[in-house]
Amino acid sequence: MISKRWSPLLLALLVGLLSCSRKEPPAPPPEVDAGPAEPVEVITFAADQLSSFGQLPKRRDRKDNPISREKIALGRMLYFDARLSREGDLACNTCHALDAHGVDPRGGVRATMGHPGQTGERNAPSVYNAAVHSRLLRDGRESTVELPLADPEATVAALRAIPGYAERFAAVFPGEEEPITPQNVSFALGAFLRGLMTPSRFDAYLGGDAEALTLEEKRGLKTFLALGCPTCHNGVALGATSLQPRSPGGEAPEKLETPSLRNVAKTAPYGHTGEVASLEAMVRRMAEERLDGKALDEAQVESLLTFLEALTGELPADYIARPELPAAPD
């Protein structure tokens with residue numbers, strides 16, 4: 001038993017211990033003024049700066065070629081069917097492969113859009129977004145994707161020799177005594193081509209989504225505008241609106257269609273004869289041609305390439321799936 005004379009001492013120690021446990025935390029160190037924060041770069045564009053462009057529609061139709069699912073399906077078959085070419089070995093998709101952004105995946109072989117079976121030294125342009133082009137083919141002589149057939153008689157004969165096509169054409173073009181005609185072939189192909197659209201993040205930006213483009217891509221757009229690129233690459237397709245003097249493959253200068261920049265990062269090679277292998281080389285070449293021989297600095301080239309990458313759209317996988325074709329006769 002603790003002696004009573006020690007009780008006050010023990011009590012004092014206990015009170016001291018309790019007092020220590022309730023001590024206030026140490027005061028925080030005084031704040032140090034680090035100066036003003038670094039400004040966050042923000043790039044915006046006035047409406048008139050972007051007025052020369054336009055958003056891609058989901059599809060671009062033509063009044064005298066009314067659309068139906070059956071007509072689109074027929075056009076898709078025609079696009080993939082190599083039996084319609086002269087030698088039976090080239091389809092539209094051979095030279096304008098839909099899973100390769102609509103260009104020729106074979107590299108060295110070139111063809112002219114809309115003419116299956118016709119090969120040569122011309123670079124095959126992409127068929128994606130072609131329905132919004134105001135000029136088609138390298139010399140701009142056509143204005144709609146319902147292009148005339150290269151060999152109408154041979155194409156019609158090939159179709160009539162495949163029984164499965166007769167009923168499909170009759171269903172899509174009812175009431176016609178002979179529905180398999182060159183015009184109806186062009187209309188069916190056109191119905192399919194008019195849905196080959198690849199909206200990109202640039203379209204979302206034009207539609208009001210300020211965050212659709214990164215800061216680096218906006219810098220690229222700023223460079224694109226500052227260098228006057230929209231003079232030729234304007235409209236919904238960012239091109240395909242005018243003819244410009246070119247000397248393809250060392251030939252005499254002629255006026256050729258200004259190509260669209262849609263999906264341009266995926267459609268190498270470049271130039272009307274495919275003579276330029278990389279997009280960077282094409283950017284440098286065009287700059288020298290249009291800026292009186294003045295070369296771009298490395299920052300400008302990188303900036304432009306970054307913006308051009310943002311013009312790549314998503315391929316419509318279901319729409320371009322290879323169809324089952326009508327069986328050939330035994």
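Helices are DSSP runs of H or I of at least four residues, numbered from the N terminus. In this predicted model, Ala154 belongs to helix H4. Ala154 is classed as partly exposed because its relative accessible area is 32%, and the partly exposed class lies between the buried limit of under 20% and the exposed limit of over 50%. The C-alpha atoms of Ala154 and Leu84 are 7.7 Å apart in space, although 70 residues separate the two in sequence.

The largest nonpolar core comprises 41 residues, and Leu78, Tyr79, Leu98, Phe169 and Leu196 have the most contacts inside it. Two or more residues of this core are given by each of helix H2 (69-80), helix H4 (152-160), helix H5 (163-172) and helix H6 (182-193). H6 provides the largest share, namely seven residues. For Leu196, with neighbours within four places in sequence left aside, the residues in contact are Leu98, Val127, Tyr128, Asn129, Tyr319 and Ile320. Another core, of 29 residues, lies apart from this one and includes Leu50, Leu261, Val283 and Leu304.

On the H2 side, the contact involves Glu70, Lys71, Leu74, Met77 and Leu78, which meet Tyr165, Arg168, Phe169 and Val172 of H5. Classified by residue type, this contact contains six nonpolar and three charged residues, with no polar ones. Leu78 and Phe169, both part of the H2–H5 contact, are also among the residues with the most contacts inside the largest core.

Technical notes:
Residues numbered from 1 in each chain as written. Predicted model: local features only at pLDDT ≥ 70, side-chain atom pairs only at ≥ 80, totals over all residues. Heavy atoms only, no water. Core = buried A, V, L, I, M, F, W, Y, C linked by side-chain atoms within 4.5 Å. Buried < 20%, exposed > 50% of the residue type's maximum accessible area, 1.4 Å probe, protein only. Contact = heavy atoms within 4.5 Å. Nonpolar A, V, L, I, M, F, W, Y, C, P; charged D, E, K, R; others polar.
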